[in-house]
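The sequence and the model are shown first.

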Amino acid sequence: PKGRPSLRYASWLLATTDCKLVLRVPVGDTRELGVDRRGERVAIECAAQAGLAPQLVYFDDASGLMLSRFVEGRQWQRGEAHDARCVARLAARLRRLHELEPPEGARRLEYSTLIADYRRSLAARPEPRTRSSSALDGEADRRLLSAGATARVQALCHNDVHHRNVIEGESLWLIDWEYAAVGDPLYDLAAFACYHDLDAIERIGLLEAYAPGAAPALTSS
C-alpha cells in the first residue's frame, strides 16, 4: 500500500494481480466544514453511475471510510485550468453532472446558511485573526443576493472542482466528493474560476463551453 497525506484523510492504493482499489481513511473531524458522509456517499453513487466518478466498493456512513475502484490516469496540473480545450472538456462533464436528477438523500446546500454557520464558527474561536470582518460580511451578503441563486434550478454539484480533484484517463474523472451537495450549479463554475484565477476572457470561455450562447445572460445575473 502507498499512503498520501492530507489534512482530512489518508489514501492508500491497494493492488493485487487483477485489481486496484483506493482506500480512504478520514483522519480529521470535518463536521465543522459541513461534510455529511451519507450525503457524500449518495452523491458519489449517483456520479459513478453516470461515469463521472470512480465506482464505490464500500462506504461507511458513520466514519467516511471509503473503498473505491482505482482509475488509471494522472492528476490535472494547474496549467490545464488555463487550456481552453481542457476547460471545454471539464465544462461538458460538469454540465453532465448538473443534468442528473438530484438523488434522494443528497445534502442540500443553502449558501446563506453555510456562510452564517462559518461566521458563528469563527466567532467562537479564541484567535482574533480568525474573527470575521463586518465589512467583508456585508459585501458577502450583497454578492450572495445579487448572484440570484434562488432563480436557477438546483442541481447536484461537486463543490470542490480543483485541478487536484480531476483525473485525466480514459475519461475525465472527478474525485473527492466530500463537499458535494444539491445547490446552484453556477457555483461549481465560479469555484473553478476562483481556484485557478481565471481572467475575464477565460471565465467567458468557461461559461460558453458549459452553456453555448448563454454567457451574456449568466454574467449579467
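How do the axes of helix H3 and helix H4 cross, and within what distance do they come?

1. The model discussed here is predicted. In it, the axes of helix H3 (residues 111-123) and helix H4 (residues 134-146) cross at roughly 170° and come within 11 Å. Because angles over 145 degrees count as roughly antiparallel, H3 is described as roughly antiparallel to H4. On the H3 side, the contact is made by Tyr 111, Ser 112, Ile 115 and Arg 119. H4 contributes Asp 137, Ala 140, Asp 141 and Leu 144.

2. The chain as a whole contains seven helices and ten strands. It has 221 residues, of which 42% count as buried.

3. Taking the contacts in the chain with a separation of 6 or more, 62% are accounted for by residues 24 or more positions apart.

4. Three strands form an open sheet in the order S6-S8-S9, and their pairing is antiparallel. Strand S6 (73-75) and strand S9 (172-174) are the edge strands, each pairing on one side only. From one strand to the next, the twist averages 30°.

5. Within this sheet, S6 pairs with strand S8 (residues 166-169) in the antiparallel sense, over three bridges. Gly 73 stands opposite Gly 169 of S8. Helix H2 (residues 84-99) packs on the sheet and touches both S8 and S9. The direction of H2 makes about 55° with that of S9.

6. Which cysteine is buried and which is partly exposed? Cys 157 has 0% relative accessibility and therefore counts as buried, since the cut-off for that class is under 20%. Cys 194, at 49% relative accessibility, counts as partly exposed, because the exposed class requires a value over 50%. The structure holds zero disulfides.

7. In summary, two arrangements may be inspected in the model.

Key: Residues numbered from 1 in each chain as written. Predicted model: local features only at pLDDT ≥ 70, side-chain atom pairs only at ≥ 80, totals over all residues. Heavy atoms only, no water. Disulfide = S-S within 2.5 Å. Buried < 20%, exposed > 50% of the residue type's maximum accessible area, 1.4 Å probe, protein only. Helix = DSSP H or I, 4+ residues; strand = E, 2+ residues; numbered from the N terminus. Contact = heavy atoms within 4.5 Å. Pairing = 2+ DSSP bridges. Axes fitted to C-alpha atoms, helices over the stretch in contact; angles between N-to-C directions. Parallel < 35°, antiparallel > 145°, perpendicular 65-115°, else oblique.
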